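Good morning, and thank you for coming.

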2 protein chains.
Amino acid sequence: MHAPPNDIGALIAQVARLPGLGPRSARRAVLHMLRKRALVMEPLARALARVAETARDCRLCGNIGTEDICPICADPRRATGTICVVEDLSDLWAMERGGGYKGRYHVLGGTLSAIEAVGPEDLRIPALVARIEAEEVREVILALNATVEGQTTAHYIADALAPTGVAISALAQGVPMGGELDYLDDGTIAAALSARRRL
Amino acid sequence: MHAPPNDIGALIAQVARLPGLGPRSARRAVLHMLRKRALVMEPLARALARVAETARDCRLCGNIGTEDICPICADPRRATGTICVVEDLSDLWAMERGGGYKGRYHVLGGTLSAIEAVGPEDLRIPALVARIEAEEVREVILALNATVEGQTTAHYIADALAPTGVAISALAQGVPMGGELDYLDDGTIAAALSARRRL
């Protein structure tokens, strides 16, 4: 295979393995970078190398930052009495984009799974229990995905935290903003109905 | 904005600007790399840096390789008497994937465009004319896209090469492999009909 030549072909193969990309989109992306080597490719290479070198898991919450303690845990303006438990970094980012939460986080790194042999100790759950006392936490908000795995994990954590006496809450379930009933699944409509509120 | 933190947020923004990606797919890709920093992120950073540093346009044909002369032009097994003219690197790669072509290429780097002020000298067309004599070329195959711009450029090149007396051909137009007539546009069907061949 002469075209794309070896180094470029290898690069395309690496890009194609990223989630959400495939051979065609990888070729397009690499081609774009080949055309703008100084403007796009070199800065991206530097940014990747820098993040790969400096990124580390926050010792407290599991968020990824560039220090031993992530910017959220290090921020004195973030309330210490509340911990929002999320499955993954992407969920933490989603919560931050929402912008309404001013407390700390705890990133589990996945959900419990008997099939994939993921147990509590794989998910930073013991670390969460330890934080409840160490940080005098008053409320734990379980912001896990509304999937079977997420809800199973939420129940397990609620049980595990029960002895500590901390208040435990979960995100409300219901109709999403802009949601049209006709396009919602039955489960969402049933949940929104049973959790209906008086106006 | 605390999450994603600065370096990671900047990286996501850079990835999101690549063609075919957006904020969401960039976040997914970066998240994947953050989880596999040693296995995915560092090798990709190195591959990008290496290609950005070594990639250069072939002095003869405009293909991108890692040497002054690209692997195709440097390959003695590729016939020298035939030049396949393509708009872009991606078209060269597509021709090579097809696998049937054993001659040399000439990458124009775009199409003529009055609106975008792209003239012949912006497209390596003078270099193509020069190659006809220098390399004793007998046939030029115009493998330009079947778009208005591609065909306009093909006609211009055919006119420009007429004085050299070189044989000029173009890719056949017709029904693509696996194509169903019902899903083809009228232009393709008309072209396939007028170019029908006896069995």
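In this predicted model, helices α1(A) and α2(A) are oblique to each other, and the reason is their angle of about 125 degrees. Angles under 35 degrees count as roughly parallel, over 145 as roughly antiparallel, 65 to 115 as roughly perpendicular, and the rest as oblique. Helix α1 covers residues 6-16 of chain A and helix α2 residues 23-35 of chain A, with their axes 8 Å apart. Axes here are lines fitted to C-alpha atoms, for helices over the stretch in contact, and angles run from 0 to 180 degrees between N-to-C directions. Helices are DSSP runs of H or I, at least four residues, numbered from the N terminus.

On the α1(A) side, the contact (heavy atoms within 4.5 Å) is made by I8(A), L11(A), I12(A), V15(A) and A16(A). Helix α2(A) contributes P23(A), A26(A), R27(A), V30(A) and L34(A). By class, this contact has nine nonpolar, no polar and one charged residues. Ala, Val, Leu, Ile, Met, Phe, Trp, Tyr, Cys and Pro count as nonpolar, Asp, Glu, Lys and Arg as charged, and the others, Gly among them, as polar.

I turn now to the pair formed across the chains. Helix α3 of chain A and helix α3 of chain B, residues 37-54 in each, have axes that come within 8 Å and cross at roughly 150 degrees. The two are therefore roughly antiparallel, and the crossing is left-handed. Among the residues in contact are M41(A), L44(A) and L48(A) of α3(A), and M41(B), L44(B) and L48(B) of α3(B). The contact residues divide into 14 nonpolar, no polar and four charged.

Finally, the conventions. Residues are numbered from 1 along each chain as its sequence is written, and chains are lettered from A and ligands numbered from 1 in the order in which they are written. Local features need pLDDT of at least 70, side-chain atom pairs count only at pLDDT 80 or more, and totals for chains, interfaces and linings use all residues, while side-chain values use heavy atoms, with hydrogens and water left out.

Notes. Left-handed = near helix turned anticlockwise from the far one by under 90°.
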